[in-house]
Amino acid sequence: MLAQHTPLLVTPTDTMALGAAMVETEAAVSDAPTYAPEATGALLLGLLISPKEPKEPKGK
């Protein structure tokens, strides 16, 4: 046979370690983006101040 059948052995220690890993809290410092309401105003201001697209001349 190419593959051997090995029984799955799970000990109570393995179960406890898996349970502890599943309930771990998230790290206090992460790379996830955070909500910053003051950034919204800056983005809107940038859109309002940005120059308009040039229009093609109509007379030519």
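L18 lies in helix α1, which spans residues 12–22; helices are DSSP runs of H or I with at least four residues, strands are runs of E with at least two, and both are numbered from the N terminus. The model is predicted, so local features need pLDDT of at least 70 and side-chain atom pairs pLDDT 80 or more, whereas totals for chains, interfaces and linings use all residues. Residues are numbered from 1 along each chain, and side-chain values use heavy atoms, without hydrogens and water.

The protein chain contains two helices and zero strands. Its accessible surface (Shrake-Rupley method, 1.4 Å probe) is about 6700 Å², with 66% belonging to carbon and sulfur atoms. Of its 60 residues, 0% count as buried, that is, under 20% relative accessible area.

L18 counts as exposed because its relative accessibility is 53%, exposed being over 50% and partly exposed in between.

S50 is placed in the segment after α2 (37–49). With a relative accessible area of 33%, S50 is partly exposed. The S50 side chain reaches the backbone oxygen of L47 at 2.9 Å.

Definitions and conventions. Buried < 20%, exposed > 50% of the residue type's maximum accessible area, 1.4 Å probe, protein only. Polar contact = N/O pair within 3.5 Å; in protein donor to acceptor, adjacent residues only side chain to side chain.
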